[in-house]
Amino acid sequence: YKSLEDDGSYESLHPEFFAPDHVLLLDGRVQSTRYGDAPYHESIVHPAMITHPNPKRVAVIGGGEGATVREILKHSTLEKVVMIEI
């Protein structure tokens, strides 16, 4: 067992692999985790953003914890992104 202290171990050099996961629950159901949301949000954002010839403005309705907006902001053509939480 290695600690996450600064002892030069692999664990201390890469704490992101050993730190506890953060989980967002809503009504007792897992909605999002620190490490598990990227594939879902990537798959709903990037196909639409890549298909559009020149996306400049995006509205996200029901943005939740912001992971969808995080993926949208990876596109450099954007001028404005608005998130409306419902």
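Residues are numbered from 1 along each chain as its sequence is written. In this predicted model, local features need pLDDT of at least 70, side-chain atom pairs count only at pLDDT 80 or more, totals for chains, interfaces and linings use all residues, and side-chain values use heavy atoms, with hydrogens and water left out.

**Exercise 1.** Find out which classes of residue line the largest pocket.

*Solution.* Start with the term: on a 1 Å grid over the protein atoms alone, a pocket is an open set of points where a 1.4 Å probe fits, with protein on both sides within 12 Å along at least five of seven lines, and lining residues have an atom within 4 Å of a point. Next, look at the lining, which includes Leu24, Tyr40, His41 and Glu65. Then sort by class: 5 are nonpolar (Ala, Val, Leu, Ile, Met, Phe, Trp, Tyr, Cys, Pro), 1 is charged (Asp, Glu, Lys, Arg) and 6 are polar (the others, Gly among them).

**Exercise 2.** Decide whether His41 is buried or exposed.

*Solution.* First, recall the cut-offs: buried means under 20% relative accessible area, exposed over 50%, and partly exposed in between (1.4 Å probe, protein chains only). His41 has 9%, so His41 is buried. Now check its contacts (heavy atoms within 4.5 Å): leaving aside neighbours within four places in sequence, His41 touches Glu65, Ala67, Thr68 and Glu71.
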